[in-house]
Amino acid sequence: MHDTCHVEPIQKITAADEQKKVELALLSVSGMGCPNCANRVRNSLLSLYGVTDAYVDHAAGIAQVTFNPDIETIDDLISAVTRAGGDGRHKYGARLLATALTSPVLTRCSCLNASSHLT
């Protein structure tokens, strides 16, 4: 990890219409080498209007994204991951592993540990 690589995770306050219909996408993300890479990818995903939450694990190479599919598409999420590496030093790629409808009781941990529920 290079000293100039530090990236602060952003905090997002979502609008009501972003939360009206929520779906979960599990993405495989390539190119991440450290926690700052995960923050860079997470920040790019959260910058999309329609994304309500994002959890990115650089060691596992995954991103779990909660989003409104009426506002953003899977292709938009994948493009956001690619844009996160647009600084000339980092290059990220993503592909869809699974999607699922979410409910208020679905948590980050339960989703990652119960991937058999994803379709």
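## A walk through the fold

Of the 119 residues in this protein, 44% are buried. Keep in mind as you look around that this is a predicted model.

Let's start with the parts list. You'll find three helices and four strands here, and if you trace the chain along the sequence, they come in the pattern β-α-β-β-α-β-α.

Now for the sheet. The four strands form an open sheet with antiparallel pairing, and their order across it is E2-E3-E1-E4. Strand E2 (51-57) and strand E4 (93-101) sit at the edges with a single partner strand each, so one side of each has no neighbour in the sheet. From one strand to the next, the twist averages 20°.

E2 runs antiparallel to strand E3 (residues 62-67), and six bridges join the two.

Next, bring in the helices. Helix H1 (residues 35-46) lies across strand E1 (23-30), E2 and E3, and it runs at about 165° to E2. Helix H2 (residues 74-84) lies across E1, E2, E3 and E4, running at about 145° to E4.

Finally, how do contacts connect places along the chain? Take the contacts in the protein with a separation of 6 or more: 71% of them are between residues 24 or more positions apart.

How values were computed. Residues are numbered from 1 along each chain as its sequence is written. This is a predicted model: local features need pLDDT of at least 70, side-chain atom pairs count only at pLDDT 80 or more; totals for chains, interfaces and linings use all residues. Side-chain values use heavy atoms; hydrogens and water are left out. Buried means under 20% relative accessible area, exposed over 50%, partly exposed in between (1.4 Å probe, protein chains only). Contact means heavy atoms within 4.5 Å. Two strands pair if DSSP finds at least two bridges between them. Axes are lines fitted to C-alpha atoms, for helices over the stretch in contact, and angles run from 0 to 180 degrees between N-to-C directions.
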